[in-house]
Every structure is written in structure tokens, then in C-alpha cells.
Amino acid sequence: MGTGDREQAQARARQEADRLTAQGIHGIALTWVDNAGLTRVKSVPTGRLAHAARRGVGMSPVFDVYLVDDSMTTSPHIGGPDGDLRLFPDLGRLTVLAAQPGWAWAPADRYAQSGLEHPACQRLFARRMTERAHGRGIALRMGFETEWVVTTGGTGAPRPARDTPGPGPYDVTPYDTTPRGTAPYGAAPGPRYAGTGPAYGMARLVDLSGYLADVLGTLRTQGVEVLQLHPEYAAGQFEVSVAPSDPVGAADLAVLVRETIRGVSARHGLTPLFGPVAEAGSVGNGGHLHLSLWQGDRNLCRDGDGPHGMTATSEAFLSGVLRALPALLALGAPSPASYLRLEPSRWAGAYQCWGLENREAALRFITGAPDDPGAANAEIKCFDPAANPYLLTGAVIAAGLAGLDAGLTLPPPVCGDPARTGREPRLPTSLLTALEHFEDSGVLREALGDPLFESIAAVRRAEAALFEKATPQEIAAATRGRY
């Protein structure tokens with residue numbers, strides 16, 4: 001980042017600070033997402049925003065090797081107490097947080113003291129891959145689905161609640177919540193859920209209608225366009241989908257949407273759980289990624305000669321993503337808890353295959369209505385909310401461009417549940433297996449660069465060791481409330 005760029009950012013930040021001060025905003029939360037998938041933060045008073053835009057805010061690079069439990073590992077390039085980075089807010093994403101009076105938010109890019117890009121900055125990686133695609137004449141539109149489980153009383157053994165008055169405790173829990181073993185990772189009796197009732201049922205929306213309306217209203221106030229919100233399968237589980245954006249913007253929105261849900265939940269006395277599973281044995285939370293490829297105003301996912309109307313560019317790109325899925329799981333299903341979710345016949349995408357509107361395929365293709373040219377897209381279903389969204393958007397682009405370079409074509413689509421046919425390859429069933437595929441991927445190593453690649457691998461290896469002796473329920477309890 002050059003001196004001229006910083007001076008321009010400082011001047012703009014002064015204007016923004018004046019505007020925010022007039023609105024009663026006292027502090028700005030500057031966030032980044034680490035390799036364990038946790039959103040970390042430094043905040044500055046509104047009056048210091050201009051200084052932050054000019055000089056950055058200090059933060060140790062060691063957070064690139066933090067684990068989900070806040071312990072640390074090390075890697076060949078990053079680790080230990082030495083060094084410092086500067087966080088620079090992206091003023092174009094500056095947002096007043098409607099659920100947190102007095103606060104605004106901006107995602108941050110990380111640079112070295114010298115002004116050079118930090119080689120392990122995940123957000124800058126996503127930007128580089130976006131620019132790489134632009135160099136090939138391709139623009140990507142992406143969007144994340146956010147799924148969460150609503151509880152009351154915390155992440156251990158909270159009591160259930162409902163939005164509207166009702167007789168007695170609303171106490172319906174379909175899963176065994178008895179603690180198993182010694183629970184060394186803080187496992188407690190499982191959560192009781194707010195908004196119980198049938199899967200996808202109107203009863204759940206009614207029970208929490210005030211809360212969900214507040215989620216919608218708060219997102220709208222923040223300028224986030226919501227496409228849909230609905231109850232999901234598991235007890236107390238909901239999903240919200242937002243309009244697509246550029247890859248970096250989509251990752252920013254994933255962070256903003258999650259923190260907005262967290263803020264609204266706190267106002268309602270509720271706790272949102274974004275972990276891959278709230279309970280071992282239950283259907284987990286997905287973090288599905290939708291994407292489409294564009295050249296100007298043309299959606300390359302339709303009006304072509306390939307499968308179901310794909311253009312050759314779209315088919316080759318999606319073929320590259322499909323080929324790389326075992327390695328991409330180390331980024332998109334990055335926790336030992338992820339593999340408690342990634343089970344067959346749960347719409348989690350446990351098999352390395354694709355299909356038209358097939359919710360069991362890891363890669364689901366959606367044609368959309370004939371008169372809606374923007375609707376055609378692909379959905380990657382095997383990812384979950386433990387993932388760093390910036391790593392995901394960037395890595396998916398890298399894998400897709402590699403497919404384009406190789407001129408790949410898709411295999412035949414799969415109809416029905418691949419678990420019943422037994423013909424499709426199963427995706428990795430453990431984090432260590434996914435890590436082996438990741439470490440063998442020359443495409444991802446080149447795209448990420450050694451410092452970021454090795455720090456990711458170190459975190460994955462350390463988290464696998466951390467939970468090596470834990471029971472499934474202990475893993476779920478230790479991770480469900482961390483993301």
C-alpha cells in the first residue's frame with residue numbers, strides 16, 4: 001500500500017468519521033477471519049478511524065496459527081511472539097451495526113510494517129484470485145448461505161424459549177443430551193432449542209417470529225439484500241441467504257450476516273450456534289457457497305452447448321472445482337466437527353459428484369427459470385460455517401481456473417442419492433484425510449503461497465491432534481459455539 005493510497009484513505013476516513021459521529025457511532029470494529037475460521041477483531045474509537053486508515057492498527061501475525069480453542073501452533077513461516085502487522089479498514093465496506101448501537105464495522109486487510117501485503121492475509125488472497133479471474137475475462141458472483149441453531153442460556157445446557165407466550169416450558173429435544181465420557185473439552189448436556197417444531201415448519205417461524213423479523217429488519221437497515229429466510233431441518237435451526245456479490249464482497253457479507261445474527265440474538269436473550277454440528281448425530285449447519293461466472297452481462301452458466309446449458313467455460317471451471325473438492329475440504333470443512341456433519345443422505349454433499357438440482361451431490365447445478373438469466377448457478381454443498389469465507393472464495397476460483405486451463409469436462413450427472421448407488425466416490429471422512437489431499441494440491445499451494453498454505457496445514461494438523469481422543473459429542477460441544 002503506497003503513501004498516496006494511505007493519504008487518500010485518511011482523507012476519506014475523516015469524512016466517514018464525521019458522518020458516523022453525527023449518527024452517535026463511538027467505535028469501529030475491524031475484523032479479519034483466521035485460519036481456524038474464527039472472526040477476530042480490533043476496534044478503534046470513531047475519532048481514530050482516520051489514523052487507522054493512514055497507519056493501520058497493530059496485530060500479531062501469530063493469529064494465523066491460532067486454533068479453535070485459542071491455543072497456538074506454529075508453521076515454517078509463521079508462529080511465535082515476534083513481529084507485528086497493520087490492519088487497514090476497507091472503508092468501502094464500512095457499515096453501521098444496527099443491532100449494536102454505537103458501533104460500526106469494517107473488514108480489514110493485513111499488511112506488514114513495510115507496507116507490503118502480508119503473505120498470509122486471507123482477504124488479500126481472495127482479492128488476488130478475483131483479479132486472476134478478471135485477467136481471464138471472467139467475473140464471479142458468489143453468495144454464502146448462513147445456517148445456525150438458536151438456543152437460550154448459552155452453549156452448554158441452555159433452556160428452551162419461544163417468542164410468543166405459551167404454557168409452561170417449551171421443552172422438545174429429539175437428541176440424547178446425556179454427557180458421554182469425561183468431557184475434557186467442556187462438553188455439557190446438549191443445548192435445548194428455541195423454535196422447535198417440524199422441520200421447515202411454519203410453527204418454528206411463528207414461535208420466533210419477532211426474533212426472525214428483527215434479523216430481517218436489521219440486515220435491511222444495514223443494506224444487506226436478503227433473498228430468503230426459513231427454518232431448516234434440525235431443531236432450532238434456521239437459514240438466511242443473501243444476494244450474490246463479488247467474491248471478496250461475498251466473504252465480507254458472510255462475516256457481516258453472522259455477526260448481525262449474533263447481535264440480534266443477544267438482544268433477544270438467545271445464543272446462535274454456528275458450529276458444523278450442535279449435537280453429534282444430528283443434521284448440521286451448512287455454509288453452502290453459490291457461484292456463477294459472467295462475461296459482461298452474460299451468465300456463462302446458461303445458454304451454452306454444455307450440460308444443462310452450461311457454456312464450455314462454465315463446464316471447465318466447475319469441473320476444476322469438482323476435481324479439487326477433496327483438497328478444498330481442508331478449507332471448506334476445516335474442523336474435526338465438520339466430519340460429524342458430512343454424512344450421506346443428509347443433504348450435506350458427502351459424495352464427489354454433481355447433479356442437476358441434486359441436494360445430495362457435493363456440486364448442485366441450478367438452471368433457474370428460462371426468463372431469469374441471472375438465476376443459473378452452481379452450489380457447493382460440502383462446506384460449513386467453520387470455514388474462513390475468504391479462503392473459500394479464493395481457493396474455489398483457483399481450482400476453477402485450473403479446470404479451465406486443463407480444458408476439463410464434467411462426468412455424467414448423478415440422479416438420486418449417491419449413497420444408494422454406491423458408484424460415486426465418497427469425499428474424505430476425516431480432517432486428516434482432507435489435509436492429505438490439500439497438501440498434495442499443487443494448484444492450491446501455488447495460489448495460496450507457501451506462508452498461507454503452510455499456516456493452514458499447521459492449524460488443521462493441530463486441531464486434528466487436539467480432538468484426537470475426544471468423542472463425537474465432546475467435539476460438537478467444544479466447537480458449536482466458537483464460530
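1. A salt bridge is counted here when a side-chain nitrogen of Lys or Arg lies within 4 Å of a carboxyl oxygen of Asp or Glu. With that in mind, and remembering that this is a predicted model, E463 deserves a careful look: E463 is buried yet has no salt bridge, and the nearest side chain of opposite charge, R460, is 5.6 Å away.

2. What surrounds E463, once its neighbours within four places in sequence are left aside? The residues in contact with E463 are then A36, L67, V68, P334, S335 and P336. E463 itself belongs to helix α13, which covers residues 450–466.

3. Helix α13 can be described by its span and by its cover. The helix has 17 residues, and the distance from its first C-alpha to its last is 24 Å, close to the 24 Å expected at 1.5 Å a residue. As for cover, 13 of the 17 residues of α13 are buried, so that the helix is mostly covered.

4. Side chains of opposite charge can pair when their charged atoms come close. In this model a search of the whole structure finds 28 salt bridges, and a student may wish to compare a few of them by eye. One of them joins R40 and D34, whose closest N and O atoms are 2.9 Å apart. R40 is buried because its relative accessible area is 13%, and D34 counts as buried because its relative accessibility is 0%.

5. Another salt bridge is formed by D84 and R86, with the closest N and O atoms 3.1 Å apart. Here D84 is partly exposed, as its relative accessible area is 30%, whereas R86 is buried, with a relative accessible area of 16%. Beyond such pairs, there is also a network of salt bridges, which links D90, R93, D109, R123, R127, D246 and D252.

6. Most residues other than glycine have a negative phi. D303, however, is not a glycine and has a positive phi of about 60 degrees; D303 is found in the loop between β12 (298–299) and α7 (312–332), and D303 is exposed because its relative accessible area is 61%. The phi of S345, which is also a residue other than glycine, is positive and near 60 degrees. S345 sits in the loop between α8 (338–341) and β13 (351–356), and with a relative accessibility of 45% it counts as partly exposed.

7. Strand β2, which runs over residues 39–45, contains V41. V41 counts as partly exposed, since its relative accessibility is 46%. Leaving aside neighbours within four places in sequence, V41 is in contact with A29, L30, T31 and W32. V41 and L87 are 46 residues apart along the chain, and their C-alpha atoms are separated by 9.8 Å.

8. The loop between β2 and α2 (49–55) holds T46, which counts as buried because its relative accessibility is 3%. When residues up to four places away in sequence are not counted, T46 touches A17, L20, T21, I25, H26, G27 and I28. T46 and R14 are 32 residues apart in sequence, while their C-alpha atoms are 9.4 Å apart in space.

Technical notes. Residues numbered from 1 in each chain as written. Predicted model: local features only at pLDDT ≥ 70, side-chain atom pairs only at ≥ 80, totals over all residues. Heavy atoms only, no water. Helix = DSSP H or I, 4+ residues; strand = E, 2+ residues; numbered from the N terminus. Buried < 20%, exposed > 50% of the residue type's maximum accessible area, 1.4 Å probe, protein only. Lys, Arg positive; Asp, Glu negative; His and termini not counted. Contact = heavy atoms within 4.5 Å. Expected span 1.5 Å × (residues − 1).
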